[in-house]
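Student: I have a structure to go through. Could we take the labels one at a time and test each against its definition?

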Amino acid sequence: MSKRKVKETHMPVGECISQYGYIFQVQMILRERFCHQRLPEKPVGMESQHKHLLELLRRTAVHGESNSVLIVGPRGSGKTMLLNCVLRELLEVKDVNKNVLPVHLNGLLQTDDRIALKEITRQLNLENVVGDKVFGSFAENLAFLLEALKKGDRSSSRPVLFILDEFDLFAHHKNQTLLYNLLDVSQSAQAPVAVIGLTCRLDVLELLEKRVKSRFSHRQIHLLSSLSFIQYLDNVRSQLSLPQDFPDTNFYDEWNDGIKTLCEDQSVVDVLQRHYNSSKDFRSLHLLLMLALSRVSASKPAIKPTDLLEASRVCMVDSKANILHGLSILELCLIIAMKHLNDIYEGEPFNFQMVHNEFKKFLQRKSHSIHNFDKPVVIKAFEHLQQLELIKSMDSSTAKIQKEYQLMKLLLDHSQIMEALQKYPQCPTDVKQWAMSAFG
Amino acid sequence: MVRYFTRLRMRRIYKWGGRPYIFDRKLKSYGFEYLNMSVEGQEAVTTVTPGQYILIEGNDDEYPFVAKLLKFFGDESHKQKKALVQWFLRLSEVPQNKKLLLGRSPHPQEIFYYLGRACDNEINAESILGTVDVQHVPEDTPFPEPGTKDTLYVKLSWDTKAFNVLDPVLMQDTPASTPPKPALPLFPPCASPTATPVSRGPVRRALPTPDPTVMRRAGSVSDTRATMSAGKRSTLEAESIHSASKLSASKILSAKRRGSAADTPGVRKKLQLSIGASPGKKMTRADVLCELLDEEMESEKVISLKLSSSVSHSLQHGCSLSPMRSGCKTPNGQRRFPWKLSSISLDRLSPTALGEQDLSSDLLLAVIPLALEDEVFEAGLPTDAGSANTPKKRQATPRRNYVREQKATTPSRRKESAMAIRKPALGVLAEEDSEDSPMQPIALTPRSKRKSAQLVSLRIRKQLNLLDNTQELISDGDDDCFVPSKKDLQSSSDEEKTDSEEETRGRNCKTSVRTPCKTPSKKDLQSSTDEGKTESEEETVVRKTRGRNCKTSVRTPHKKPSKKKDLQSSSDSEEETMVRKTRGRNGKASARTPCKTPSKKVTPSTPRHATPSIPSRTVPARQPGNILEEARARLHVSSVPESLPCREQEFQDIYNFVESKVMDGTGGCMYISGVPGTGKTATIHEVIRCLQHASDMDEIPTFRFIEINGMKMTDPHQAYVQILQKLTDQKVTADHAAALLEKRFSNPAPKKETTVLLVDELDLLWTRKQNVMYNLFDWPTRRHARLVVLTIANTMDLPERIMINRVASRLGLTRMSFQPYSFKQLQQIITSRLNKVKAFEEDALQLVSRKVAALSGDARRCLDICRRATEICEHSTSHPSSAGLVRMNHVMEALDEMFSSSYITAIRCASLQEQLFLRAVIAEFRRLGLEEATFQQVFVQHRALSRVEGLQPISVSEGLAVCQRLGACRLLLLEASRLDMLQRVRLNVSQDDVLYALKAVRD
């Protein structure tokens, strides 16, 4: 290591190369972190939950005690991360390692019990029993699996960990057959199982049918972060810092110092505060940091406050206002006409004819720069707006009513329109004035 | 019976003495050191302690039963006082024909150590009359001079077959802890049950136990409840606690004493009704008969008969004939007597009757108040016994002619005599009942104690029938199973005699198939040497025939009705061919069914007999290490408790229902409702376990238990498939399965065992046409189905709500609902599960059970909370091993975790913008006066609020994101997001909660 340091000081070219290498490594490490490819050493701010879950699963694995538990927390609060940390830790225990069979299911993938059953059978490697063949009917599958679970007993068969991501979606399956059966197994003397549900719905228990609910143990682990802003800042710093085992101490020190000063910068703190106010979860933070990180290169080997500001701007940008920037003048005029109609009629729906009239009034009275458009052209522009979902048809039965008379509503806020006008490149002043004038 | 009721009785008061000690945790029975007895109004207190010899109240006041007291125990409530005893017999209690075996004249105060296993050695302590002195006299020393009248002498032991020299060791001291456990149904002393009925089959015990030989035979055949006593103690006790607690026969006795039937459960009421109804009717009958017999007997000078007016009221004409009333005390004697009587009367012409005379003069008679009950009981004897008559009919009885003659002249009398015979002659009864009374469906419900109302009504009808002197018993037989020919009837009385004699020899009744019964069986009695010879002969035959008879036993009764001809001449071979025929048919049927199925096999992919299983673990599961872990393991819902506390009544009801159906070979439905976690399925499983055990012990016919669960199938029609698969192991499609089941349940088949079908989560079997439910409830009503359907669902009014009339009607009205557990019950459940593992503070348990009882009464919830509390307790201390009891605060924490709503915490933990949005929502609601607003409206408020708060206003996209996040947690209810700004927003929490949560945040 010291040898290399010597090298670096004496050979600027080599230093450049190694610098590039380090930056590459930094990006690797941090991207893994931000994209949830690598689990953190220890889940932050959820120690008690971690302990609870670990204990629970350990008991299933070691004592063969059946359990069921729900991990509830808002999106991005780290439910899966917590579970994965626990599983990793659990599998490190020697006794447990070969003794548990985790089965991962996701409510978004296994959209009904049939698919879920096949997936379970596959993950338990039970299909080998029937000689690799594709299973028969759904009913047979269910009977087969239940039979398999029933045959086991507490002391001799391997515990099965059923991990149900998006648990609430399983509750929408017909009769909740799968949940009933899994929970029933967990409450009877069959093969030991642990049913772990992950969900962001706080009212998930109300989704369960009463007999399913009765079989659930009612353990819920809530992941509700009560992180203060200071902790949040600390967390940002630690997220951006390099790990101890980074190969080059010099670069390591440099980078970490840079991060420390970055987090003390007032503009950065403001940006983070804004983010913190909006949401406390780590996923949105990671998105922000990821954007900032992508601006780091060999020529700019550190994250600067401007990077973070820019990233924040990108994150916070209003998508609708962005779309407005791409509209033609005619379409923009129609939007303004709609805005006026909204003002006049207090948000009542309008139709094309009304918008067109409003637009014509503007052309006749105030317009200097805009020429008259043929009606078909205006209709086309109107339809384009509809396709962009800036306006939305109110009545569902579109077929019967002529296009011109369909009732529409504008899906834009005043502020969005005004903001877009401000930023619209080379917007004619008469259009701007029209937009700002009250009642057209 | 009248006498029994009206007799003035001293009321004795019994009190436990000494400190109770627990000797059976499962039963929760307590042992006691001694019992204090006092007679009302008198000062004197008698103390009875184990090891003493006691007198036990019996039928005869002058000669109570004698026993040695081994142990006292009672149940938790101290209401029931029971005692374990070692019985002694008086000679009068020894079966008539065995008395000769003694080979000398008995000493008047001689008793015999009872070695038989047939007698229930558990008695009601309240039937103890007092203590008595018993002395052991060595074999070769003569009896001491009669000193005090109270001293009894033991010299020999009696093991139901022979008198043996008594091992002095037995008399020395029988350790109370290891009472001689009877392993087989009882005998002589078992007469005591009348007086001291305890536990077990509630009603049955109330009845005098039948002649031992019958019992023995029945036991060996297959299904006598009495073998219960032979069963493993543990399970029996498990059962007995149920029955004892609720329907204990001792209750009946006391109820009877009080002359009020009001407080006895329904079953018993019915029985008593029939009992009560009978004496009046019977009496006239009996009187007539008595007179008749008297005349005959007097003329013959066979026995000197006296009509004792004191006895004349008794149900049993036999009593009126008894020459030495005083001597008789056992039901055995009584029972025996009547048939002897009849046989005497019948045997008038037969020269062999002489032998009988001697015996009958020895005969001791007593009043049986419960003669009818006897009969009821006997009806309850095994079906096999019923079927066993077939052979007997073939016996050539020389006396038949006489009988016929009698019948010709006085047909009604004949029947009466038959009736009389039937009633008391317990030994014969099983057969007789089935043979003689056509109304009785064959093998009808043994154990009538199991309240089959049907049986009772039958009985009543029969009595009415007899009252009317209807000659045509047969015509009455609506239960076609059994329509014996008149000839059969005639001969039956003869056969009874021979049979019973043979039975008393302790032989299986089936022997009569081949016994050289053509030789007047009386001879056997005359000379014991002869008997020995024939016995050995017969036994060899028995061995040959027994197996076959057992197999065909179920079938034969059905067959009988078709045979109207005189069976006398029919040979064994005929029976065999018949059996073969039926078997062949059966075989064909079973052979046929499979061939149909395979062709239809749809799913070749899944091997039919794949044996899936979860791979086994490499390291065995660790056992619980400390007390808390132990407690946790015990509290897990899955751990099967040793007994189910708090559901005794339900257990008993279901048990009775299923048992009676299994015994009758009939079918029926039962609907059980109750909210989740009230032990419905567990109770049924417990019932089935007990029944299965009983059938293992050959106390009831074997049956098949099948369980399906509406939740464990993908489609209601899969129910057919699962049932069929569990019945026959075939895999077919739903439609085909339905057809096969239909056939199976509607066609008669030999050797069909009863099927008990448990349908869990019945409501999920609902289909639009309801054909699944319809079939499930229709099959049990078929005659040959032998199907008992137990259904479970959560709602009490399910039949009314979702079933169409024809389905609900078939389900019937046998319903039961499991109430949610009360806090006391929950507490009991936990305590019984913990079973002395001291892990919880008493208060903590009470808190949990009260809380759960108030919310749902769900036992599962209760157990889960307790389990969680142990975890919290374990974590609260640094060393898991040092963790103490689970205290109040641990339980509180667990309760909070499980019951507290997380909404408020969720709001407090939400980000600033999210909280602001919620406030905006409330503000907008207030402005609109509605509980609903569009996002656009709320967003305007939100922006205004953020300006007030000095925050930078957020963009619409951000606002929508915030809104969606809240919607994902279900703090807000949102419309579909494609509506964008127009989506409507509602709160999923009350406004007060939101404001409360937000206020707390700001403070």
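Predicted model: local features only at pLDDT ≥ 70, side-chain atom pairs only at ≥ 80, totals over all residues.

Student: Why is B:Thr754 called buried?

Tutor: Buried means under 20% relative accessible area, exposed over 50%, and partly exposed in between (1.4 Å probe, protein chains only). B:Thr754 has a relative accessible area of 1%, so it is buried. The residue belongs to strand S16 (residues 754–760) of chain B. Helices (H or I, at least four residues) and strands (E, at least two) are DSSP runs, numbered from the N terminus.

Student: Which residues are in contact with B:Thr754, leaving aside its neighbours within four places in sequence?

Tutor: Contact means heavy atoms within 4.5 Å. Among the residues in contact with B:Thr754 are B:Lys661, B:Val662, B:Thr702, B:Phe703, B:Arg786 and B:Val788.

Student: What makes B:Thr733 partly exposed?

Tutor: Its relative accessible area is 32%, so B:Thr733 is partly exposed. B:Thr733 sits in the loop between helix H27 (718–728) and helix H28 (734–746) of chain B. B:Tyr720 is 13 residues from B:Thr733 in sequence, and their C-alpha atoms are 8.6 Å apart.

Student: Is B:Thr714 buried or exposed?

Tutor: B:Thr714 has 15% relative accessibility, so it counts as buried. B:Thr714 lies in the loop between strand S15 (703–709) and H27 of chain B. Not counting residues up to four places away in sequence, B:Thr714 touches A:Phe138, A:Ala139, A:Leu142 and A:Lys174.

Student: Why does B:Ser38 count as buried?

Tutor: B:Ser38 has 18% relative accessibility, so the label holds. B:Ser38 is in strand S4 (residues 34–39) of chain B. Its C-alpha atom is 8.5 Å from that of B:Lys15, 23 residues apart along the chain.

Student: What do the totals for chain B say?

Tutor: Chain B has 40 helices and 21 strands. Of its 1003 residues, 60% count as buried. Among contacts in chain B between residues at least 6 apart in sequence, 73% join residues at least 24 apart.

Student: Which salt bridge of A:Glu65 crosses between chains?

Tutor: The side chains of A:Glu65 and B:Arg867 meet in a salt bridge (2.7 Å, N to O). The pair runs from the loop between helix H3 (47–63) and strand S1 (67–72) of chain A to helix H34 (residues 859–876) of chain B. Both A:Glu65 and B:Arg867 are buried. A network of salt bridges links residues including A:Arg59, A:Glu65, A:Arg219, B:Asp864 and B:Arg867. Over all chains, the count comes to 46 salt bridges.

Student: What separates A:Asp343 and A:Lys339 along helix H18 (residues 329–345) of chain A?

Tutor: They are four residues apart in the helix, so about one helical turn separates A:Asp343 and A:Lys339. They form a salt bridge, with the closest N and O atoms 3.8 Å apart. A:Asp343 is partly exposed at 26%, whereas A:Lys339 is buried at 6%.

Student: Why are H14(A) and H16(A) called roughly parallel?

Tutor: Angles under 35 degrees count as roughly parallel, over 145 as roughly antiparallel, 65 to 115 as roughly perpendicular and the rest as oblique. Axes are lines fitted to C-alpha atoms, for helices over the stretch in contact, and angles run from 0 to 180 degrees between N-to-C directions. Helix H14 (residues 266–278) and helix H16 (residues 305–316) of chain A pack at about 25°, with their axes 9 Å apart. H14(A) and H16(A) are therefore roughly parallel.

Terms used
Residues numbered from 1 in each chain as written. Chains lettered and ligands numbered in written order. Heavy atoms only, no water. Salt bridge = Lys/Arg side-chain N within 4 Å of Asp/Glu carboxyl O.
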